[in-house]
Amino acid sequence: MERRHFLGYALVAALPTPMLGCGNRHARADQTLQLPQALSQLTDEATVRRIGKAYRNQVPLEADRETLTNRLLEATPAAFVSRSFGKAMLRTLLDLKIRRDFKDGRILVLEGWLLSQTEARQCALYSLVTV
Amino acid sequence: MYIDARTLETNSLIEGDLCIIGAGAAGISLALEWQNTPYRVILLEGGGFDVETAMQELYRGNTTGQRYYPLQSSRLHYFGGTTGHWAGFCATFDPIDFRRRDWVPNSGWPIGREALDPFYARAHPLLDLGPYNYDLRYWLDKDPSLTPLPFDEQMVTHKVWQFSPPTRFGTKYRDAIINAKNIQLYTYANVTRLDTDEQGRHVRQVRVKNLAGKEHTVRATYFVLAGCAIQNARLLLASNHQVPKGLGNDYDKVGRYFMEHLEVTSADLFLTTPASNQLYLWQYFVTKMRAELAIPEKKQEELSILNGTVSLWPKTEDKQPPAMIDTFPDSGEATVRKWELREQHYNKGETPKAAPTQYAMFSLFTRMEQAPNPASRVTLDREQDALGMPRATLHWELTPLEKRSIRTLYDLIGQQAGIAGIGRVRLVDWLRDEQDTSWPETLGAGWHHMGTTRMHHSPKEGVVDANCNVHGIPNLFVAGSSCFPTGGAANPTLTLVALTLRLSDHLKQLLNQPTRTTV
């Protein structure tokens, strides 16, 4: 069995734009937020969903899209989610958050994977959005 | 000189100055140190020059507790001993392995690492190793293509291994032993009993038997047990006709604290960009040196964990390799023949070429120290072997500390992989629940038998003292890894040879012989 590749952008791009009560800021960020960048290169979609579901079971207070999105965007300057900066800046910020999570010990084991809390939240969001 | 003890007239008396019981790595290393001395050295080997089923059968015994390998195939009973099927892995024990650690009950050696350093250096040529240098920086400078994973060395460091070819002591040193004028090698000379004075404080002689029905007596000034951890303990316990508890066993320590290295695939490392694995690669007969991931001593102390290392095994499929304990042969002969076949292929140039050096997926394989546990032990069975000696039973027992140490090790590696941004670690299923202290049936070990006649200053806590002298019996010594109070993270062969060389120097001092002070 070869390592399966995450479908990445193609899949996310195919999804309808999520309709949120929290406003356009979150809607624009959603697609980038849902993609755990590093993990998506290492495993497949089904695994990301299972990880996401495991996180939601473990942290029921963060089991909905709005809460997860807010958590992921915490301390994110509004400019990072504006159209003009695009996905790249947000991805960079998320990457920094992920590394900071690892450095500060905000690490979870989900489905055996040692992941940062930020990644786990991304997986959780993905598991909600792509049912 | 060499004599097949089956050919001697029964009840022969053999006499010498130093009697070494067992001709494996420890026994042969010790005997070689006594070549060309004025002393008569008797080297007793229970088997012959080739592995035989009938001889391996003498090692058969029961195992209880955690699943273990067959005793009759995990150790070899012929001249050269278990070097007949070892893979050549050599590394020094770390300074922390010798220290008393508050979080590791029964830890601490009566000697420090520095006491063994000169003997490690002397052991290197015996094992056909490179320079006595285990500093990673030395090896990286020698070969700049070796690239360590970019981890914080204060959190996850690297430990260096060197590889013996592997040296088969039975092949390499046979002629030297046989041709040494002052060494008498007896094959098919199984020691089944030690006879002492009435108080059990002096070994007068040992009884030797073989399957040809011959029995002999060996007398010497000094006796050294150099069997292996199971056989050394077995012999002391079985020598209970004068001292009911067995020899060296006034405080019920003989056979206890049996230790292994837990060896098991524990996780996978997935890299976002393939990386060179050259530093971590091992190919039998080819690799001279490699590194394994390790935990710095300060971190072990901070986290109260045991010493352990992780090797990286590249793979191209996301599939777990078979567990070694499921595939290890039941027969000692089979293990030897497997290596002989590999060597034949290699010598003919038929060994597959070294694998490509860039991989993105690795199995992570743990070698973890076992905490000294008195309940993990060798005892005597009621069943006797064909020579009438009680068989050994091994009860292998682990503690939660081993599993917590393995899990913590991978938490650190996973953290470092995340911080470095190079990839992620995925644990195997039996490691995922931190509250679960159970072990899987697939848990393996390294065939590293240690601890059953452990060293300690006090006879209440150990069997031998700092000079490997059995407490209370001045002319009886033990050589080998059965003397280790703790097992470290490294394979034991280099350390047991070093400790044996140290014992040799001590025996020479007792007999007023000059010792080697330089390599």
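The model described here is predicted.

Chain A is built from seven helices and two strands. Read from the N terminus, its elements follow the order α-α-α-α-α-α-β-β-α. Of its 131 residues, 49% count as buried. Among the contacts in chain A with a separation of 6 or more, 69% join residues 24 or more positions apart.

A:E111 is not a glycine, yet its phi is positive, about 55°. Further along, A:T130 sits in the segment after α7 (117-129) of chain A. The side chain of A:T130 reaches the backbone oxygen of A:Y126 at 2.6 Å. A:T130 counts as buried because its relative accessible area, 7%, is under 20%.

The next topic is the interface. Chain A and chain B bury about 1700 Å² between them, with 61% of this area on carbon and sulfur atoms. The contact draws on 18 residues from chain A and 22 residues from chain B. Between the two chains the count is one salt bridge. It is formed by the side chains of A:E119 and B:R424, at 2.6 Å from N to O. On the side of chain A that touches chain B, the elements giving two or more residues are α3 (37-42), α6 (86-104), β1 (107-110) and β2 (113-116). The most comes from α6(A), with four residues. By type, the residues on this side of chain A are ten nonpolar, three polar and five charged.

In chain B, helix α9 (residues 229-238) is mostly covered, with ten of its ten residues buried. Among them are B:Q231, B:N232 and B:R234, as well as B:L235, B:L236 and B:L237.

B:G444 belongs to strand β20 (residues 444-445) of chain B. Beyond its neighbours within four places in sequence, B:G444 is in contact with B:Y69, B:H261, B:L262, B:E263, B:V264, B:I325 and B:W396. B:D326 lies 118 residues from B:G444 along the chain, and their C-alpha atoms are separated by 8.7 Å.

Most residues other than glycine have a negative phi, and most peptide bonds are trans. Chain B has an exception of each kind. The peptide bond from B:P165 to B:P166 is cis, with omega near 15°. B:P166 is placed in the loop between β7 (157-163) and α7 (169-172) of chain B. B:F285, a residue other than glycine, has a positive phi near 70°. B:F285 lies in the loop between β13 (261-276) and β14 (289-294) of chain B.

The table gives the relative accessible area of the residues discussed one by one.

| Residue | Relative accessible area | Class |
|---|---|---|
| B:G444 | 3% | buried |
| A:T130 | 7% | buried |
| B:F285 | 13% | buried |
| A:E111 | 32% | partly exposed |

Definitions and conventions. Residues are numbered from 1 along each chain as its sequence is written. Chains are lettered from A and ligands numbered from 1 in the order in which they are written. This is a predicted model: local features need pLDDT of at least 70, side-chain atom pairs count only at pLDDT 80 or more; totals for chains, interfaces and linings use all residues. Side-chain values use heavy atoms; hydrogens and water are left out. Contact means heavy atoms within 4.5 Å. Buried area is the accessible area (1.4 Å probe) that two parts lose on being put together, summed over both. A salt bridge is a side-chain nitrogen of Lys or Arg within 4 Å of a carboxyl oxygen of Asp or Glu. Ala, Val, Leu, Ile, Met, Phe, Trp, Tyr, Cys and Pro count as nonpolar, Asp, Glu, Lys and Arg as charged, and the others, Gly among them, as polar. Buried means under 20% relative accessible area, exposed over 50%, partly exposed in between (1.4 Å probe, protein chains only). A polar contact is a pair of N or O atoms within 3.5 Å; within protein, one must be able to donate a hydrogen and the other to accept it, and residues adjacent in sequence count only if both atoms are side-chain atoms.
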